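The coordinates are shown first.

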Amino acid sequence: MAGQGTPATALLAKRKIRHSTHPYDVSPDAPNYGASVAEALGVPPERVFKSLVTEVDGALTVAVVPVTGELDLKALAAAVGGKRATMADRAAAERATGYVRGGISPLGQRKRLPTVLDSSALAYDTVYVSAGRRGLQLQLAPADLVALTDATTAALAAH
């Protein structure tokens, strides 16, 4: 496991949260990246979640949605009591989280951002999210993800 540590894995270890790490090899430029990651891991794509940094009424917010769907920005805005949501500027997202695009984890971010987890995650014993760098996923219970990020849950994915 040497060399796989990230702020996300450090947080899980510190809090003694049960999890596992899963390396994979998929080009960040691959079309349908999330589905390719799920295939590389050998898990159903609806259990693999992407972390998208957005702006809701000017405030950075993280949406965690299945790789099988697109983020419904109106649903996200409604979930946090906002009026308008847009995708955040890439540089602002990387600066706030401390992670690079394709490796943004909902856990261990430089600045803790409000987080909304798509409610479909609650249907599974475990889900997969980025461990904080490209090529590494974390598997953990959705309830632990909610507790660690203080997330709210809502239907966010448009399929």
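## Basis of the description

The model is predicted, and local features are reported only at pLDDT of at least 70, side-chain atom pairs only at pLDDT 80 or more, while totals for chains, interfaces and linings use all residues. Residues are numbered from 1 along each chain as its sequence is written, and side-chain values use heavy atoms, with hydrogens and water left out.

Helices (H or I, at least four residues) and strands (E, at least two) are DSSP runs numbered from the N terminus. Two strands are taken to pair if DSSP finds at least two bridges between them.

## The five-stranded sheet

An open sheet of 5 strands has the order β5-β2-β3-β6-β9, with mixed pairing. The edges are formed by β5 (85-87) and β9 (152-154); each has a single partner strand, so one side of each is left without a neighbour in the sheet. On average, neighbouring strands of this sheet are turned by 35° against each other, direction ignored; axes are lines fitted to C-alpha atoms, for helices over the stretch in contact, and angles run from 0 to 180 degrees between N-to-C directions.

Strand β2 (residues 49-56) is joined to β3 by 8 bridges, and the two run antiparallel. F49 has P66 in β3 as its bridge partner. The hairpin of β2 and β3 has 2 residues between the strands, and D57 takes a positive phi near 50° there. Strand β3 (residues 59-66) is largely enclosed by the rest of the structure, because 7 of its 8 residues are buried; buried means under 20% relative accessible area, exposed over 50% and partly exposed in between (1.4 Å probe, protein chains only).

The parallel part of the sheet includes the pairing of β3 with β6 (residues 115-118), over 3 bridges. Within this pairing, V62 stands opposite T115 in β6. Strands β6 and β9 also run parallel and are joined by 3 bridges, with T152 in β9 as the bridge partner of V116.

## The three-stranded sheet

A further open sheet has 3 strands in the order β1-β8-β7, with antiparallel pairing. Its edge strands are β1 (19-23) and β7 (127-133), each of which pairs on one side only. Neighbouring strands of this sheet are turned by 35° against each other on average, direction ignored.

Strand β8 (residues 136-140) is joined to β1 by 5 bridges, and P23 stands opposite L136 in β8. The antiparallel pairing of β7 and β8 likewise extends over 5 bridges, with L140 in β8 as the bridge partner of V127. Their hairpin has 2 residues between the strands, and G135 takes a positive phi near 90°. Of the 7 residues of β7, 6 are buried.

Helix α1 (residues 7-14) lies across β1, β7 and β8, running at about 25° to β8. In helix α2 (residues 33-41), the buried residues are Y33, G34, V37, A38 and L41. They cover an arc of only 140° around the axis, which puts them on the same side of α2; the arc is that of the directions from the helix axis to the C-beta atoms. An α-helix has 3.6 residues a turn, so residues three or four places apart point the same way.

The buried residues of α2 pack against β1, β7 and β8; contact means heavy atoms within 4.5 Å. Just after α2, G42 takes a positive phi of about 75°.

T97, in helix α4 (residues 90-97), is buried with a relative accessible area of 1%. Its side chain reaches the backbone oxygen of A93 at 2.8 Å, a polar contact (a pair of N or O atoms within 3.5 Å; within protein, one must be able to donate a hydrogen and the other to accept it, and residues adjacent in sequence count only if both atoms are side-chain atoms). Leaving aside neighbours within four places in sequence, T97 is in contact with V53, I104, G108, Q109, R110 and L113.

L145 belongs to helix α5 (residues 142-149) and is buried, with a relative accessible area of 2%. Leaving aside neighbours within four places in sequence, the contacts of L145 are P106, L107, L117, V127, V129 and L140.

A search of the whole structure finds 1 aromatic pair. The rings of Y24 and Y33 have their centres 6.4 Å apart and their planes at 65°, so the pair is edge-to-face; rings of Phe, Tyr and Trp (its six-membered ring) pair if their centres lie within 6.5 Å, and planes under 30 degrees apart count as stacked, over 60 as edge-to-face and the rest as tilted. Y24 is buried, with a relative accessible area of 10%.
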